[in-house]
Amino acid sequence: LLLLPSTCLSRSPSSYHRLLFIFLIFLMRLACLSQRMQRGPSIAFFHPYCNAGGGGERVLWQCVLGVLERWPAATVHIYTGDTDATPEQIIGNAEKCFGLVVPQDSVKFVYLTSRVLVEAKCYPVFTLLGQSLGSMIVGFEALWKFKPAYFVDSMGYAFTYLLANLCGCEVISYVHYPTISTDMLGKVANREANYNNSDLVAKNPVLSSAKLLYYRLFAWTYAKMGSISSLVFVNSSWTEGHINDIWRVPDRTVRLFPPCNTANYLQITGPRSPSIVSVAQFRPEKDHKLQVEAFHCFVEKTGRSDVKLTLVGGVRNDEDKARVAELQDLAITLGVENLVEFEVSVPYTRLHEILSQSLIGLHTMWNEHFGIGVVEFMAAGIIPIAHNSGGPKMDIVVPGAGFLATTKEQYCDHIMRCLELDEEELGEMRKRARNHVQRTFSDEAFREQFVRQCETVVYLDLEDHFVQDVLSDDADVLSDEADVLSDEIQSDDPHRQSEEEEFTEL
């Protein structure tokens, strides 16, 4: 086509130009598809903390298992910053923490050395911006070391999407919690102190105005980055609402509740001791301090010394370890150190044992995106007392299946109420909670829906058919344009020769 002689040109060069343009596009698409085929049917998960053992990691491993079940020939890569752990140790930890068996031969790890750049400790001010820009550096390292056909962000680093898109990757995201939300903007606007809005800023109108402007600019940029994703999974009604408010891509947004280990916990029966348990990573937003204070309030009101509080959770770094030490000091200060126990980074078998013995489960995070821990409480027959916000309020704790609270006094009152319930009342609450959990949350339901939605954008074992369809469509367009050109060549035009000469010169 590129070598058509001038004698075969039409009376106007427009048809030839159009045909040439379509053919060049055809060649570029062929080159891109060829490069994509050379990479193989690869899918990579961006999860720098894949060895942490929390709820987000459970989502990661269930996604990996779903992909391997649906596309057995696929190669799954995981970008991780856990450079101190071997692949065998990481996969072994997944089995230890979640009871999941991951085929080691089907998973490859891409180790990242720059993970520290996404940690909050590096950015005492402008933390959101610093972590987001840091994630771009980590994302650059990841894509430099391995460029997949499909880039799945399972931790919420939206600023990496731009890099992945520029590298020609299809982007899929699973959002546990929006980096910035309208609630956060509201707290700054109303000058309310919070873990991410210090007293110094909240009390100063100038600083509050400056921070509000910064938050709004950041939210605008975050929305632009998030809108790059071809498929957006959100883990709760609360997250869905905020992501739709900010990213504004509802046609590509799917609510997918996280996988919860309900099967094993639903089998738990037997007597319970009057004990309270909390299961959450030792992060600041989990607000373990409120749990210790509420328990102290309960001990002061009732004088009981036969009830214990057990805090179970994983630690990611030295900051989390320091947070555990602070909580231990708080328990000593409040005089309840003999009644509060800490179980740090325990294996799945130990967690199962603790949940099978506990009566009450505490959850204190404000606007928790979902709340896997609360679901596991309910599946295990534990009466949940969750924060009256976010996922627990909107999706999990249905009426008659648990309690919701906000202040330490409310938590204290609900603890006292739970301990006063007789076996029949407790049995009714457990039955209602377990029925809800069994209908709504399960590993199987998660994997099935994740794969079904991914099939709309992912082509792994069907790659050859996809390429053939694309090239076939382009060939049809080329054929049609050639026919038009041929018809115009056949026409008789007195000005044809002069136009051919003009076009040849051009």
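How many bridges join strand E12 to E13, and do the two strands run parallel or antiparallel?

Author: The model is a predicted one. In it, strand E12, made of residues 383-387, is joined to E13 by 3 bridges, and the two strands run parallel. One of the pairs can be named: Ile385 has Phe403 in E13 as its bridge partner.

This pairing belongs to an open sheet of 6 strands, paired in parallel, whose order is E10-E9-E8-E11-E12-E13. E13, residues 403-405, is one edge of that sheet, and strand E10, residues 340-344, is the other; each of them pairs on one side only. On average, neighbouring strands here are turned by 25° against each other, direction ignored. A helix also lies against this sheet: H13, residues 348-357, lies across strand E8 (275-279), strand E9 (308-313) and E10. The direction of H13 is at about 140° to that of E8.

Arg432 is part of helix H17, which covers residues 423-440. Leaving aside residues up to four places away in sequence, Arg432 touches Pro399, Gly400 and Ala401. Although Arg432 and Ala401 are 31 residues apart along the chain, their C-alpha atoms are separated by 5.7 Å. A polar atom of the Arg432 side chain lies 2.9 Å from the backbone oxygen of Gly400. Arg432 has a relative accessibility of 37% and therefore counts as partly exposed.

The model has a further open sheet, with 7 strands in the order E3-E2-E1-E4-E5-E6-E7 and again with parallel pairing. Strand E3 (107-111) and strand E7 (253-255) are at its edges; each has a single partner strand, so one side of each is left without a neighbour in the sheet. Neighbouring strands in this sheet are turned by 20° against each other on average, direction ignored.

E4 pairs with E1 in the parallel sense over 4 bridges, and Asp153 in E4 is the bridge partner of Phe46. E4 also pairs with E5 in the parallel sense over 4 bridges. In that pairing, Tyr150 stands opposite Glu170 of E5.

A helix lies across several strands of this sheet as well. H18, residues 443-454, lies across strand E1 (42-46), strand E5 (170-175), strand E6 (231-234) and E7, and runs at about 160° to E6.

Another helix shows how residues can be covered by other helices. H8, residues 205-226, has 22 residues and reaches 31 Å from its first C-alpha to its last, close to the 32 Å expected at 1.5 Å a residue. Its buried residues include Leu212, Tyr214, Tyr215, Phe218 and Tyr222, together with Ser208 and Lys211. Among the elements that cover the buried residues of H8 are helix H4 (127-145), helix H5 (161-166), helix H6 (182-189), helix H7 (199-202) and helix H9 (237-246).

The cysteines deserve a brief remark. A search of the whole structure finds 0 disulfides. Cys167 is in no disulfide, and the nearest cysteine sulfur, that of Cys169, is 5.6 Å away. Cys167 has a relative accessibility of 28% and so counts as partly exposed. Cys97, by contrast, counts as buried because its relative accessibility is 14%, under the 20% limit for a buried residue.

Finally, some totals give the setting of these parts. The protein chain contains 20 helices and 13 strands. Of its 506 residues, 53% count as buried. Among contacts in the chain between residues at least 6 apart in sequence, 72% join residues at least 24 apart.

Methods:
Residues numbered from 1 in each chain as written. Predicted model: local features only at pLDDT ≥ 70, side-chain atom pairs only at ≥ 80, totals over all residues. Heavy atoms only, no water. Pairing = 2+ DSSP bridges. Axes fitted to C-alpha atoms, helices over the stretch in contact; angles between N-to-C directions. Contact = heavy atoms within 4.5 Å. Expected span 1.5 Å × (residues − 1). Buried < 20%, exposed > 50% of the residue type's maximum accessible area, 1.4 Å probe, protein only. Disulfide = S-S within 2.5 Å. Polar contact = N/O pair within 3.5 Å; in protein donor to acceptor, adjacent residues only side chain to side chain.
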